[in-house]
Amino acid sequence: MIRFLAVLSGALLVTSVTLMTPWAGIPALILVAAGWWFRLAAVAAVLLAVGVLAAADTGVLAAAATGLVATTYLLNTATVSAPIGVVPTTVPSVVGAVGFAAAAVGAALLPLRLAWAPIAAPIVVIVLYALIIQGLAARRGRTGDESAAAAG
């Protein structure tokens with residue numbers, strides 16, 4: 001099933017690149033085919049798709065669709081040679097990829113022009129980072145206290 005999804009997502013990646021810029025279809029096909037054996041070629045295929053997206057001036061939905069296909073391609077080609085039982089396309093990975101693509105499309109299509117957003121964005125990022133680190137540090141501290149109590 002993983003090999004099928006890798007081939008399908010690779011074919012979709014080549015198709016999306018070809019639809020945006022026809023001359024880039026052949027290099028994309030070569031890189032995608034090589035990506036099934038060499039991970040570096042798979043990364044190069046996705047980077048080619050990103051470059052084509054940047055140069056082709058596509059719409060938001062085309063960019064989101066190409067991003068989802070590229071994510072699926074990288075997830076599945078990275079695990080083609082993995083041991084049996086490794087499943088890259090789980091419910092959390094699919095929900096995360098679709099959720100982030102939907103959030104990006106929603107953010108790009110909203111007609112809001114907030115003059116203060118560039119000032120607020122770094123502050124929000126720092127606050128979110130602090131909250132995440134605080135949560136991880138609290139968990140690490142509790143596990144250290146429990147192991148010290150068990151030892152003593």
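Predicted model: local features only at pLDDT ≥ 70, side-chain atom pairs only at ≥ 80, totals over all residues.
At 25% relative accessibility, Ala56 counts as partly exposed, because partly exposed residues lie between the buried limit of under 20% and the exposed limit of over 50%. Ala56 has its place in helix H3.

Asp57 is found in the loop between H3 and H4. Its relative accessible area is 71%, so Asp57 is exposed. The backbone of Asp57 has a phi near 55°, which is a positive value in a residue other than glycine.

**The chain as a whole**

The chain has six helices and zero strands. Read from the N terminus on, its elements run α-α-α-α-α-α. The chain holds 152 residues, and buried residues make up 22% of them.

**Helix pairs**

Two packed helices are described by the angle between their axes and the distance between the axes. The table gives both values for two pairs.

| Helix pair | Angle between axes | Distance between axes |
|---|---|---|
| H2 (residues 25–35) and H3 (residues 39–56) | roughly 150° | within 7 Å |
| H4 (residues 60–78) and H5 (residues 91–109) | about 160° | 10 Å |

How do H4 and H5 run, roughly parallel or roughly antiparallel? Helices H4 and H5 pack at an angle of about 160°. That makes H4 roughly antiparallel to H5, because angles over 145 degrees count as roughly antiparallel. The crossing in which H4 passes H5 is right-handed.

For H2 and H3, the axes cross at roughly 150°. H2 and H3 are therefore roughly antiparallel to each other. H2 passes H3 in a left-handed crossing.

**Val7 in helix H1**

Val7 is found in helix H1, which covers residues 2–20. Is Val7 buried or partly exposed? Its relative accessibility is 38%, so Val7 counts as partly exposed. The C-alpha atoms of Val7 and Ala33 are separated by 8.5 Å. Along the chain, Val7 and Ala33 are 26 residues apart.

**A nonpolar surface patch**

Which residues make the nonpolar surface patch of about 580 Å²? They are Ile119, Ile123, Val124, Val127, Leu128 and Leu131.

Methods: Residues numbered from 1 in each chain as written. Heavy atoms only, no water. Patch = residues over 30% accessible without salt bridge, like charges linked within 9 Å, V, L, I, M, F, W, Y side chains within 5 Å. Areas by Shrake-Rupley, 256 points an atom, 1.4 Å probe, with all protein chains shown as cover. Salt bridge = Lys/Arg side-chain N within 4 Å of Asp/Glu carboxyl O. Axes fitted to C-alpha atoms, helices over the stretch in contact; angles between N-to-C directions. Helix = DSSP H or I, 4+ residues; strand = E, 2+ residues; numbered from the N terminus. Parallel < 35°, antiparallel > 145°, perpendicular 65-115°, else oblique. Left-handed = near helix turned anticlockwise from the far one by under 90°. Buried < 20%, exposed > 50% of the residue type's maximum accessible area, 1.4 Å probe, protein only.
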